[in-house]
Amino acid sequence: MPSLDDLRKRITSVKSTQKITKAMKMVAAAKLRKAQENAEKGRPYSEKMNNVILNLSKSITDKENAPKLLVGTGEEKVHLCIVLTADRGLCGGFNTNIIKKAKTYFEKIISEYKTLKIITVGSKGYDQLKRQYKSYIVENISFKESKNINYFDADKVGKIIIEKFEKNEFDVCAIFYNKFKNVITQIPQEQQIVPLNEDKDDKDDSGNDNDYEFEPDEDEILSNLLPKNISTQIFKAMLENSASEQGSRMTAMDNATRNAGELVDRLTIEYNRSRQAAITKELIEIISGAESL
Amino acid sequence: MSNLFNIDIVNPEQSFLSKDNVFEVVIPAVEGEIGILKDHIPIISFLKPGIIKVFSESEEQSFYVEDGIVEFKDNTLSVLTSSIFDLKDADKNFVSESISSAEAELSKDNIDDQKRFLLNHKVEVLKSISIN
């Protein structure tokens with residue numbers, strides 16, 4: 001049975017933890033709004049980019065000579081996985097969910113005796129993966145210094161991917177990130193970016209094929225556009241990720257604050273009970289002492 | 001009948017400009033400048049460094065772009081670019097910095113003709129901005 005003093009100390013410590021989690025929740029809520037705005041603002045660009053590429057790939061007749069970034073190398077031996085995570089913890093299952101999703105994919109690749117290469121973006125992903133998959137990690141990128149998600153960072157990652165592709169270091173590339181659905185729900189996503197998978201739901205408008213004029217020809221535009229598209233996809237993933245991270249942190253911290261409150265209530269009752277017990281005990285001692293006289 | 005069409009300029013971070021009352025846009029496409037009027041046939045092209053001029057009923061705007069893709073379809077011109085700024089609020093320092101970095105790039109030996117051409121062009125355009 002803890003003494004009164006111990007209980008008092010525990011109550012104060014839980015209370016101060018509660019203050020911290022409460023503050024973190026509010027900070028996350030403020031950041032979430034901004035991140036969400038950014039994610040929404042960034043959407044038109046990636047959507048338009050997708051449209052253009054879709055229109056272009058429809059008009060490509062010569063599939064054999066189409067750029068490799070679009071149709072792939074024809075093999076799928078080496079898989080490159082880009083795992084996008086946060087740089088900071090204390091955000092609930094955010095990082096773990098991405099890692100979990102990625103790990104199932106990794107296991108599949110390994111069990112099929114294909115080569116696996118991993119690039120981690122964000123330090124938390126690296127921390128969690130290095131225990132098990134250290135030998136597969138080829139690069140570890142972190143943007144701790146940049147306060148906001150910017151396109152420049154995404155472009156850096158994109159360029160690394162392109163460079164590796166040109167050196168024939170991989171055949172298939174997939175990215176892992178959390179898609180922001182709402183504050184409580186974030187869905188871990190696996191998206192293949194090389195070769196480009198056409199979205200099946202976009203196919204229904206294939207009836208109205210526009211006869212585009214291309215300047216210069218299709219191939220050249222495509223080979224110019226595809227590297228940009230990779231950066232764009234990564235940027236989109238980073239935006240979604242940052243909104244998800246803040247949302248996830250907000251929920252986690254909200255829960256933590258509530259749990260701390262419950263703990264304080266319970267400890268206070270225990271404290272009061274044992275204090276009362278001590279008083280009663282003393283009274284009994286006094287009374288029985290007086291009676292014996 | 002009106003001779004107006006829509007323009008959307010977007011960069012990765014946000015929608016940069018969106019207008020529905022323009023009657024002519026001049027874009028620096030990679031094989032030369034293109035002037036686009038209403039009911040132009042659908043076109044996809046990409047940009048070289050240069051100036052986009054947007055003529056609307058009320059005003060005329062000019063933007064500097066470094067690269068990007070344009071698509072014209074159904075009387076909507078979409079410009080996707082990662083680097084764009086309005087000539088009105090051009091930052092002198094930024095312009096001169098870009099010039100010197102482009103020139104530094106030019107002095108390297110390992111660039112091909114196409115890149116050299118683009119860089120030369122970029123320097124030219126940037127210089128014309130900084131004079132104004």
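The chat below walks through a predicted model with chains A and B.

Trainee: What helices and strands are there in chain A?

Mentor: Chain A has six helices and six strands. From the N terminus on, they run α-α-β-α-β-α-β-α-β-β-β-α.

Trainee: Is chain A a compact globule or more spread out?

Mentor: More spread out: its radius of gyration is 28 Å, well over the 19 Å that the globule rule gives for 293 residues. The C-alpha trace spans about 115 × 40 × 35 Å along its principal axes.

Trainee: How much of chain A is buried?

Mentor: Buried residues make up 32% of the 293 residues.

Trainee: And the contacts, how far apart in sequence are they?

Mentor: Take the contacts in chain A between residues at least 6 apart in sequence: 78% of those join residues at least 24 apart.

Trainee: Now the sheet. In what order do the strands of chain A sit?

Mentor: Five strands of chain A form an open sheet in the order 3-2-1-4-5, with mixed pairing. Strand 3 (137–141) and strand 5 (186–194) of chain A each have a single partner strand, so one side of each is left without a neighbour in the sheet. On average, neighbouring strands of this sheet are turned by 20° against each other, direction ignored.

Trainee: Which way do strand 2 and strand 3 of chain A pair?

Mentor: Strand 2 (residues 115–121) and strand 3 of chain A pair in the parallel sense, over four bridges. Within that pairing, A:T120 has A:N140 in strand 3 of chain A as its bridge partner.

Trainee: What about strand 1 and strand 2 of chain A?

Mentor: Those pair in the parallel sense too, over seven bridges. A:C81 stands opposite A:I118 in strand 2 of chain A.

Trainee: Is strand 1 of chain A enclosed or open?

Mentor: Largely enclosed by the rest of the structure, because six of its seven residues are buried.

Trainee: Which helices lie against that sheet?

Mentor: Helix 4 (residues 123–133) of chain A packs on the sheet and touches strand 1 (78–84), strand 2 and strand 3 of chain A. The direction of helix 4 makes about 155° with that of strand 2 of chain A. Helix 6 (residues 218–291) of chain A lies across strand 1, strand 4 (172–180) and strand 5 of chain A, at about 35° to strand 4.

Trainee: Which residues of helix 4 of chain A are buried, and what covers them?

Mentor: The buried ones are A:K124, A:G125, A:Y126, A:Q128 and A:L129. Their cover includes strand 1, helix 3 (94–111), strand 2 and strand 3 of chain A.

Trainee: How many residues are in the largest nonpolar core?

Mentor: It has 83 residues, and those with the most contacts inside it are A:I82, A:V83, A:L84 and A:F176. Helix 6 of chain A gives the most to this core, with 14 residues.

Trainee: Pick A:V83. What does A:V83 touch?

Mentor: Leaving out residues up to four places away in sequence, A:V83 touches A:I98, A:A102, A:I118, A:T120, A:V121, A:G125, A:L129 and A:F176.

Trainee: Which strands are joined by bridges between the two chains?

Mentor: Strand 6 (residues 213–215) of chain A and strand 4 of chain B run parallel, joined by three bridges. One pair there is A:E215 with B:S45.

Trainee: Last one, strand 1 of chain B. Which strands is it joined to?

Mentor: Six bridges join it to strand 2 of chain B, running antiparallel, and five join it to strand 8 of chain B, running parallel. A hairpin through two residues joins strand 1 to strand 2 of chain B. B:I7 has B:K19 in strand 2 of chain B as its bridge partner, while B:I9 stands opposite B:V79 in strand 8 of chain B.

Trainee: And is strand 1 of chain B enclosed or open?

Mentor: Five of its seven residues are buried, so strand 1 of chain B is largely enclosed by the rest of the structure.

Technical notes:
Residues numbered from 1 in each chain as written. Chains lettered and ligands numbered in written order. Predicted model: local features only at pLDDT ≥ 70, side-chain atom pairs only at ≥ 80, totals over all residues. Pairing = 2+ DSSP bridges. Axes fitted to C-alpha atoms, helices over the stretch in contact; angles between N-to-C directions. Contact = placed C-beta atoms within 7 Å. Rg over C-alpha atoms; globule rule 2.2 N^0.38 Å. Buried ≥ 20, exposed ≤ 12 C-beta atoms within 10 Å, placed from the backbone. Core = buried A, V, L, I, M, F, W, Y, C linked by C-beta atoms within 7 Å.
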